[in-house]
Amino acid sequence: MTTLASGLFLDWEQLTGQPKLVVDLISFPIFSAIAGWLTNWTGVLMLFWPVYFKGFRVPGLEILYPYFPRRVQVLPTFSGDGKRLGFQGFIPARAEKMASICVDVAIMRIGSPKDFIRELDLEGIADYIAEVGRKQVPDMVDEIMSKENPDLWGAVPKSVRNVLHQRIERELPTLARRAFEQLGDNVDQLIDIKDFVIRYLRDNPEILKDLTTTIAAPELRFMVRIGLLGAPFGLLLALYLHVHQSIPVIGWIPPWLVILAAAAAIGVTVNVIAIKMVFEPGDPQPRYRYLWKQALLAKRQPEAAADLANILAYQVLTLPNLARELLDGPNGDKTRQLLERLISQEIHRQLGPTHSVVRTVFGKRQFDNLKVGATSAAVGLAPSLADDPEFAAAQAKKIDEFAARKLQQLTPGEFMEMFYASVEQDAWLLYLHGAALGLVVGAVHLILFGW
């Protein structure tokens, strides 16, 4: 069998004055280390970048796309509509699935929506809303009545207006506290935390990227460095090639094919080792089962839990986000009905001695309209929570501390499950990438050094 003694461009044996074995013992480890490092480095990049799909339209692709196997269709190389070819980071491309896993194995273990709401300073929020609302009561009532009954409101004596303003202003904190207490008791029916988080992360995939790069930053750097482990595998490959052709039957396989297969295997192997060392096992295991005993990320559970809690509190489960979801989400109509019932009851009580006077001046129908109008206006006060960054940050701190405490109480195995579950399902894509890149590096070695 003919063996190429040099590359296509240089005769390394003649250039160095060393036999082919020595050239291989030096070149294979170097190239294998490059292949491993490059595979893991680009693999880490491919996890997160680009956040949004980047590609170009391919004529006719939308016709063929429906006939591709499902496993091919979900590759991040195709746009969601199947019309463009390009690429999107694995995690952003799987934003909806990743978000679902994150909720199932992380957020739902931390607590229910009621648990989160109860960690907030509900009385403080109510007082804040009341303080904002108190300043707006005169204009709010005037606007409501001027819009619904301008002629009647214009004829109402100023003294009656002032009495109405004063009583509503004085009782507003009590009303707000009762409203938020009721919201807290019924929040499980008013907000679907899983649906909310999935929609939010799907619409903001950059948060998933930040979540992983922040929490597992040291481990991601390790995954890149461990790629250099390809060097000893390259050394073993060089030694094996020296005796390959003397092995019965197996020796019939062309050396160039052995090199390409080994290069692909090295690319996959360093990827597997990197992922396993970072994510498995969660709970410490005997050395005979895992040489590294415990996953690197699991060893940093307290720090990683604090990072995860911080992102959840300050980017996802924020007070403005929860307020918008309660009022404008799929169950927003239920929230408004609850507030309307509470405010309708309260207005009757608040008016007290002025009740009969107002009913006489306004008339029964106009008085009922006042209740509905006040409800709409009160609901409109809630978005003001987002207008005070300091107040929102103070509430986020409470969620941060609560979530961190709960996450740190998980066992290492439970804690790692929520991270590995999102990586494990798409790990084959990284392994495929490692094999492809290994083949490329192996082909380059064949061109430069021959076989």
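Start at lysine 276, which counts as partly exposed because its relative accessibility is 26% (buried is under 20% relative accessible area, exposed over 50%, partly exposed in between, with a 1.4 Å probe and protein chains only). The model is predicted, so local features need pLDDT of at least 70 and side-chain atom pairs count only at pLDDT 80 or more, while totals for chains, interfaces and linings use all residues. Residues are numbered from 1 along each chain as its sequence is written, and side-chain values use heavy atoms, with hydrogens and water left out.

Glutamate 280 counts as buried, at 16% relative accessibility. The whole structure holds 4 salt bridges.

Next, select lysine 20 and aspartate 24, whose side chains form a salt bridge of 3.2 Å, N to O. The two residues are 4 apart in helix α2, so about one helical turn separates them (helices are DSSP runs of H or I, at least four residues, and strands are runs of E, at least two, numbered from the N terminus). Aspartate 24 is buried, with a relative accessible area of 8%.

Move to glutamate 219 and arginine 300, where the closest N and O atoms of the salt bridge are 2.7 Å apart. This pair links distant parts of the chain, 81 residues apart: glutamate 219 is in helix α13 (residues 217-225), and arginine 300 is in the loop between α16 (296-299) and α17 (301-316). Both glutamate 219 and arginine 300 are buried.

Now select helix α14, residues 230-244. Its buried residues are Gly230, Gly234, Leu237, Ala238, Leu241 and His244. Seen down the helix axis, they fall within an arc of 125°, so they line one face of α14 (the arc is that of the directions from the axis to the C-beta atoms). These buried residues pack against α2 (20-48) and α15, contact meaning heavy atoms within 4.5 Å. On the face turned away from the buried side, look for the exposed residues Leu236 and His242.

Continue to leucine 257 in helix α15 (residues 255-279). Leucine 257 counts as partly exposed, at 38% relative accessibility.

Finish at phenylalanine 87, in strand β2 (residues 84-87). Tyrosine 52 lies 35 residues from phenylalanine 87 in sequence and 8.6 Å away in space, C-alpha to C-alpha.
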